Amino acid sequence: MRSSQLPLFTSKNDPADAQVASHRLLVRAGYIRKQASGLYTYLPFGDIVHRKIEQIIREEMDRFGAIEVSLPIITPAELWQESGRWDIMGKEMMRFFDRHEVAYALGPTHEEAMTDLARSFLQSYRQLPVNLYQIGRKYRDEIRPRYGLIRCREFTMKDAYSFHADEASLEETYQKMRECYRAIFERCGLKTIPVEADSGTMGGSSSEEFMVASAIGEEVLLLCSDAQCGYRANQEKTPYVGEPAEPIAEPPAMEDFDTGELKTVEQVAALTGKSPRDFIKAVVLEDAQKVVVCFIPGDRELSEAKVKNLTGLLDFAPAGAETIRALTGAEPGFTGPVGLKFADGETLNSKTVHVLFDRHLAGRTGLIAGANRTGFHKKNVTPGRDFVIKNSADIVAARAGDLCPKCRQSKLTETRGIEVGHIFKLGKKYAEKMGLTVLDASGKHLVPTMGCYGIGVGRTLATAVEQNHDERGIIWHPNLAPFWVYLISLAREEKERSMCEELYHKLKQAGVSVYLDERDERAGVKFHDAELVGFPFIVTVGKRAVESGKLELTLRRSGEKLLLETDELITQIRKMAEAKAP
């Protein structure tokens, strides 16, 4: 391809809203352009890379026995209502009504639609297992789109859904998809960290995320420091292994004490000289239907994901001051487990109250907590003596330095990651709710169990840039690069132009994809753009090449420069590029 046929869309300036390298470089190098918040146009180079990722995914999914289909982007509300997720999905789901006042959604995910498709043709257990996938657009009304392609409102995803007669069959496909995903990301040149993950609103018994380590990652990953243990999980999924309680033999009687305007654990700890570990921290959340009061150790943070899974909270937020006053009779900042006005299961302003205790409070004595009285806290608070723990669970976030929940010997370390893929064991949730059954060997109705497997295509593209760039621009893996070779023509005379044209055609005939920069621009501009767009190999043809008979080959990743004759250059390029191909 020539620059006269496919112009460059490079820019000298960073986009004003770019916060991460991939966003900045993809815009500057002319791969994408922003249309509106969270909406991006793929320019020619960007579209080529996107399609290459799609093709890698398609080849590997087909190799592992999946069958491609294509579902509508628009899904009718009735399918979501069947599964019970029409309300659970919250404000992220884009909904609309047609001219007949029938409700629809722009699909943020396709569990319901694929289950509806499966029930239209699955009749017998003999048709199982089957794994259906599509590569299509998804829509989510993100409250704060950011990081370019990493979190946007319209994006392309490969999502697959498998249907099975039993758990053993599901496990077999689940393991195949794990292997398939490793192959996909390896071909994309990405180093991934598979971690145990929370299934969230998807449901199901277990799931695994494929993460790419990155300082800008929105997910916190916790890894066992002992490589032989191998524990790796998203923070949302990681159980907290608490330190043993150190009870006081005969704790003194509980009593109130004046703390004035001091409200936080840190403020009251400074006043009393106590450690935050000796406190009971209160966190109150609410949505349209529930008020959830959480009590946790004062030195820990609440895991909202764990609480959400336990209580079914939907579009929740920290409780407002009015709710807390009604719940406790005090201003916010003085909530405690002794003397709440509403008990677990009671109704406050038409909302059901749930009271949860972190299980690590059990066995503790002599603690400090809010007194449900403005300006006061209680000391010497002892669970079991001064209040009853009715509902307890692990509701705090694990963190670096905690004991590994698997080996219970080594400490956890922390890194951040970008999720590029996620696989789930969905179980029978959608099949049961949507009436999907097949006949088993004895002629009885059998509800299939399901798996789900997703990859964000645009996010994979952006993450490849996050993991592969330098101060000069992008560095593409040969499997993803729009072209293998960026051919720079510095020709001023006919001999130079002839040599450049001859090389261009020889590269194409040898099966080497090549982009010829034949613009009437200064050499510095061409070299700058060649490094910015990030093709693996840069070849220069000018006066020196004609005089020496040798061409300058620059390896974009290492910066190494080689002087080679034409045939040798073509051989070297093919050898180096294909060495990284599947």
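I count two strands as paired if DSSP finds at least two bridges between them. Helices (H or I, at least four residues) and strands (E, at least two) are DSSP runs, numbered from the N terminus.

The model is a predicted one, where local features need pLDDT of at least 70 and side-chain atom pairs count only at pLDDT 80 or more, while totals for chains, interfaces and linings use all residues. Residues are numbered from 1 along each chain as its sequence is written, and side-chain values use heavy atoms, with hydrogens and water left out.

Entry: the sheet.

I looked up phenylalanine 257 and found histidine 377 in S20 opposite. Next I noted that aspartate 256 has lysine 378 in S20 as its bridge partner. S13 and strand S20 (residues 376-381) run antiparallel and are joined by four bridges.

I then traced the whole sheet, which is open, has three strands in the order S13-S20-S19, and is paired antiparallel. Strand S13 (255-258) and strand S19 (367-373) are the edges, each pairing on one side only. On average, neighbouring strands here are turned by 40 degrees against each other, direction ignored. Helix H6 (residues 265-272) packs on this sheet and touches S13, S19 and S20. The direction of H6 makes about 95 degrees with that of S13. For contact I used heavy atoms within 4.5 Å.

I checked the hairpin of S19 and S20, which has two residues between the strands, and found glycine 375 with a positive phi near 90 degrees.

Entry: H2 against H5.

I took axes as lines fitted to C-alpha atoms, for helices over the stretch in contact, with angles from 0 to 180 degrees between N-to-C directions. The axes of helix H2 (residues 44-63) and helix H5 (residues 167-187) come within 9 Å and cross at roughly 150 degrees. H2 is therefore roughly antiparallel to H5. My classes were under 35 degrees for roughly parallel, over 145 for roughly antiparallel, 65 to 115 for roughly perpendicular, and oblique for the rest.

From H2, Ile56, Ile57, Glu59, Glu60, Met61 and Arg63 meet Met177, Cys180, Ala183, Ile184 and Arg187 of H5. I sorted the residues of this contact into seven nonpolar, no polar and four charged. Ala, Val, Leu, Ile, Met, Phe, Trp, Tyr, Cys and Pro count as nonpolar, Asp, Glu, Lys and Arg as charged, and the others, Gly among them, as polar.

I listed 40 salt bridges in the structure, each a side-chain nitrogen of Lys or Arg within 4 Å of a carboxyl oxygen of Asp or Glu. One joins the side chains of glutamate 501 and arginine 2 (2.8 Å, N to O). This pair links distant parts of the chain, 499 residues apart: glutamate 501 is in helix H11 (residues 494-509), arginine 2 in the segment before helix H1 (21-28).
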